[in-house]
There are 2 protein chains.
Amino acid sequence: MELEKVRPKSGRAVKMTDIARIAGVSSSTVSRALADHPTIPEATRNTIQALAREHGYVVNRAARNLRQSQTQTIAVAVPLGHEREQLISDPFFLRLFGHLADEISQRRYDILLVREPSPDAHWLGRLVQSQRADGFIIVGQSDQHQALNLAARDYRPLVVFGSELPDQIYCSVGSDNFEGGRLATDHLLRSGRRRILFLGPAELPQIDLRLDGYRQAIGDHGLSVDESFVLPAHFTGPSAHDAVRDLLARGVEFDGIFAASDGIALSAIRALESAGKRCPADVSVVGFDDSDLASQSHPALTTVRQDFPGIAATIVDHLFRRLDGEGTYSSTLPVNLVLRESAPDR
Amino acid sequence: MELEKVRPKSGRAVKMTDIARIAGVSSSTVSRALADHPTIPEATRNTIQALAREHGYVVNRAARNLRQSQTQTIAVAVPLGHEREQLISDPFFLRLFGHLADEISQRRYDILLVREPSPDAHWLGRLVQSQRADGFIIVGQSDQHQALNLAARDYRPLVVFGSELPDQIYCSVGSDNFEGGRLATDHLLRSGRRRILFLGPAELPQIDLRLDGYRQAIGDHGLSVDESFVLPAHFTGPSAHDAVRDLLARGVEFDGIFAASDGIALSAIRALESAGKRCPADVSVVGFDDSDLASQSHPALTTVRQDFPGIAATIVDHLFRRLDGEGTYSSTLPVNLVLRESAPDR
DNA sequence: GCGGTTTACGCAATCGATTGCGCAGTTGTC
DNA sequence: GACAACTGCGCAATCGATTGCGTAAACCGC
């Protein structure tokens, strides 16, 4: 009964001119009254607002967006460059996305999630041009470095989740991946481990930095890196498990693993256990992220914690500063090592 | 250098009339050429499309949305009725959202995430009227039943994640919560447990159905429900932990717990352990959802698995059928019990 | 070579709200 | 009482693409 007003019998949606007619004013006045424009006296404003509420009138956002060239919407864009699978339901992405969404919606903006299945050099330019959002957050720096640089040349409200890379001109926010890798490896070394594997997709910029930190720590301890201990592994799928299994089958000796994610770490531990090795008795393992799994798994995972809420808050803060016309520099946020059972202190 | 074309020196975005002028045709022709309209001969079409590509032209979506009254966008809306916290970063919601987003983006639609911080009876009507999306998925049936019914009276492309309730006129999709509760409780009873707690927020419709299943199973075994064993607990926070702790402190005896979520189950297990009880030796525990945590926790959680990909696929399928003008009935998807350590078979 | 059909494309209205400018009418000042 | 300033509000242009209708040119058959 109440809703009848929202969609009158005609089936036609109530629009601004309808309210104007009923109120006996022009649509300009209605527009200004609803926007709390000060040139409309309070009495008129209240009357019109009451009328609009009563008739269930809501501003047509498509029309407003067109006229104002802005949308009160922030887009989170995901290029699916090398990952052919469905990236959106990936837990890591979702965790970051959740915090981003919280931050954005607190600022009363809506969130548009856009997935680009076939990114080329111009996908971001196209997206930006389409006027679907006022600002953009890109998750998936990976192989998009050039496309990002291209788009950032003349488009400002754009922030990228990722590492700061040498020749980048866009604004990025991410964890201190180098220090994370260094911390993790240093911890393993200090606890007496000497033959430490690196497991992860080093072709991704953020992961490559973790690998750099791994190398640094090993060097700092006066050791040298055995390149055959640097193993490629994907975040999902069996590659990490298989890599460890194969190594054990070949009789290679090692006593520590630094994995580029908690998921990879858990896969590795499972591979160790099926080969009869114990973690941490025989092999200590350190993960990365401090995902929900890390504290619940068995053994609980020693891991490098990324500050997701902080990262999301920083990304969104930078983005809104850029919307206000400010410039912002890339940020690198600190990480810290969370000690649990899989790589105890000693 | 390439991107110069995307935003010409003037700073003004390329628009359709620009392409039209360059191509020596009218904007109508450009519009139709880009839309692969058959009345435009292939040669002209190709020329115009090439020109558009070369100049980095992209259709302004705000203008198109206004003219066509459609947006190629599905909104996922979250009313934050009783939960004052930030619901979006909640893992349960994100998991469902991820699968929804995968399904929607596969259909080449964008996803708009809208959070309504202060839902009243008309929030959905307002949202629908605002023309920001072509269809709506509502997550958070909880205390919104009346608002949903109100909106569904005359708005069709709307699907709700939740249970089928007695007087509902909207289309909902959800798990068979009743059967889940029955299965979980029946399993505990069959394995010899007799004094079984229910832990969960029974004020939510979906949870209340799980409680009904719990009662049914107990009745089926010829026992009667001890109402003091039905305990309120929230999904987050310490309420589940505290409830179990208090019960143990009062010396109440029990040997089984059916928790309305995996998170609640894990809280309960932690409370048991800090009181010196063992799970499953002293108390068997069954959770709900089969979240990522369930298989990794220690002890691994016996739980009722909800088919998230299936739920998401069904929701989106129903929604698109409704967009095509079809009617759809509410769906209830099967659940199944996953046996792990926290409540073994015997 | 002529009527009729088809082809190719342009004109102008339209979607619905926003906003610069300007006009009445009122108030204020000396 | 004359002129200026201000108040309250409407006119009409505008945002940029889409689309129904119309028309000129090309084409066809006989």
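How many residues of chain A are in contact with chain B, where contact means heavy atoms within 4.5 Å? In this predicted model, 58 residues of chain A are in contact with 58 residues of chain B. Residues are numbered from 1 along each chain as its sequence is written, and chains are lettered from A in the order in which they are written. Local features need pLDDT of at least 70, side-chain atom pairs count only at pLDDT 80 or more, and totals for interfaces use all residues; side-chain values use heavy atoms, with hydrogens and water left out.

The two chains, A and B, bury about 5,200 Å² between them, 57% of it on carbon and sulfur atoms. Buried area is the accessible area (1.4 Å probe) that two parts lose on being put together, summed over both.

Across the interface of chain A and chain B there are 4 salt bridges (a side-chain nitrogen of Lys or Arg within 4 Å of a carboxyl oxygen of Asp or Glu). A salt bridge links the side chains of B:R132 and A:D110, at 2.4 Å from N to O. On the side of chain A that touches chain B, helix 5 of chain A gives the largest share, 10 residues. Helices (H or I, at least four residues) and strands (E, at least two) are DSSP runs, numbered from the N terminus.

Strand 2 of chain A and strand 2 (residues 110-116) of chain B run antiparallel and are joined by 3 bridges; strands pair if DSSP finds at least two bridges between them. A:I111 has B:L113 in strand 2 of chain B as its bridge partner.

Key. Contact = heavy atoms within 4.5 Å.
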